[in-house]
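Reader: I would like a quick tour of a structure, feature by feature. Please give the idea behind each one, then the case at hand.
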Amino acid sequence: MTICIAAISNNNKIIAITDKMITLGGGVATRYEISENNKAIKLTNKSIALFAGNVLSANEILEIAKTKISATNTKIEDIANLMKDSYFEYWTKQLDNQLFKRYSLTLATFMQNQKTLNDDLVKQINEILANTNLGVEILVAGVDTAPHLFFIGNPGTILSLDGIGYALIGSGSQHAQLSLIENEYSGGISEQNGLYALLEAKKRAEYDPGVGQLCDIVIIDSGFNKLPLAKVDKITKEFNKSTKALKKTKEKNAVKVHKLI
């Protein structure tokens with residue numbers, strides 16, 4: 001339950017924005033916002049990971065990734081593939097726990113001996129494989145010789161989204177994507193227009209009850225720049241003023257159009 005957006009702008013820049021909502025499951029879903037909640041994790045000086053979904057699993061994947069990714073990893077595709085490997089490693093660990101408890105098997109032993117196992121057992125295990133979902137989505141974004149965007153999903157798949165120019169994860173994605181489509185977002189957009197478009201998309205995502213009003217903003221070009229909360233507050237206040245002004249303009253135009261009836 002969240003919104004995370006990473007996008008390319010001109011002059012080889014990445015702009016990223018996330019909300020800061022925490023959603024706890026259980027009998028009664030609990031949602032709250034705290035300024036300390038960080039969904040935008042710095043990987044290297046020119047790369048970032050954005051997480052949506054199961055917080056506990058996301059943190060475990062991140063801890064594995066930290067052992068694989070270092071400052072010497074400068075190619076964003078390599079960093080994304082290491083994150084993908086970390087995802088699959090944790091997925092395999094969770095799967096092995098299930099298989100061992102039920103059948104005293106691991107994924108590796110199952111794959112090696114599948115042809116000799118009972119057909120019903122193979123069918124049952126394949127169903128477990130198909131249904132083991134960590135409920136985590138990850139975006140890896142950054143700049144090397146050019147800006148790059150990668151989506152990583154269950155059970156450790158990877159997809160490049162450079163050609164689209166933006167990437168979204170979280171429950172508010174559908175709302176946010178419609179906003180970006182309406183703004184005709186592309187990777188050639190200026191940084192200022194790109195930031196404003198992402199603020200509009202994040203605001204639209206707030207129609208989803210799992211998306212909060214607070215946000216983090218990160219800009220990556222020659223380095224990693226996570227804006228201080230005080231500056232983000234000023235930016236969002238100025239943005240909210242502009243949306244109110246646009247609403248008044250729309251209302252005036254509606255009156256003019258109605259008079260033509």
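Author: Start with accessibility. Buried means under 20% relative accessible area, exposed means over 50%, and partly exposed lies in between (1.4 Å probe, protein chains only). A146 has 25% relative accessibility, so A146 counts as partly exposed. This is a predicted model, where local features need pLDDT of at least 70 and side-chain atom pairs count only at pLDDT 80 or more, while totals for chains, interfaces and linings use all residues. Residues are numbered from 1 along each chain as its sequence is written, and side-chain values use heavy atoms, with hydrogens and water left out.

Reader: Where in the fold is the place of A146?

Author: First, the naming. Helices (H or I, at least four residues) and strands (E, at least two) are DSSP runs, numbered from the N terminus. A146 is in the loop between β7 (136-143) and β8 (147-153). Its C-alpha atom is separated by 21 Å from that of K84, 62 residues apart along the chain.

Reader: How is the hairpin of β8 and β9 read, and how many residues lie between them?

Author: Begin with pairing. Two strands pair if DSSP finds at least two bridges between them. Here β8 and β9 (residues 157-160) run antiparallel and are joined by four bridges. Three residues separate the two strands of the hairpin, and G156 in the turn has a positive phi of about 130 degrees.

Reader: What order do the strands of the open sheet have?

Author: The order is β10-β1-β2-β11-β12, five strands with antiparallel pairing. β10 (166-169) and β12 (224-226) stand at the edges with a single partner strand each, so one side of each is left without a neighbour in the sheet. Axes are lines fitted to C-alpha atoms, for helices over the stretch in contact, and angles run from 0 to 180 degrees between N-to-C directions. On average, neighbouring strands of this sheet are turned by 15 degrees against each other, direction ignored.

Within the sheet, β2 (residues 13-19) and β11 (residues 215-220) pair in the antiparallel sense over six bridges. A16 has V218 in β11 as its bridge partner. Helix α6 packs on the sheet and touches β1 (4-9), β2 and β11; the direction of α6 makes about 20 degrees with that of β2. Contact means heavy atoms within 4.5 Å.

Reader: What does A197 touch, and is A197 buried or exposed?

Author: A197 lies in helix α6. At 3% relative accessibility, A197 counts as buried. Leaving out residues up to four places away in sequence, A197 touches S179, L180, N183 and Y185. N38 is another matter: A197 and N38 are 22 Å apart in space, C-alpha to C-alpha, and 159 residues apart in sequence.

Reader: How do I check the length of helix α2?

Author: The expected span of a helix is 1.5 Å times one less than its number of residues. Helix α2 (residues 76-103) has 28 residues and should span 40 Å; its end C-alpha atoms are 40 Å apart, which agrees. Just after α2, S104 takes a positive phi of about 55 degrees.

Reader: How many aromatic pairs does a search of the whole structure find?

Author: A pair of aromatic rings is described by the distance of the centres and the angle of the planes. Rings of Phe, Tyr and Trp (its six-membered ring) pair if their centres lie within 6.5 Å; planes under 30 degrees apart count as stacked, over 60 as edge-to-face and the rest as tilted. The search finds three aromatic pairs. One of them is F88 with W91, stacked at 5.6 Å centre to centre and 25 degrees between the planes. F88 and W91 are three residues apart in helix α2, so about one helical turn separates them. F88 counts as partly exposed at 39% relative accessibility, whereas W91 counts as buried at 6%. Y196 and F239 form an edge-to-face pair, 5.1 Å centre to centre with 65 degrees between the planes. This pair links distant parts of the chain: Y196 is in α6 (residues 191-205) and F239 is in α7 (residues 229-259), 43 residues apart.
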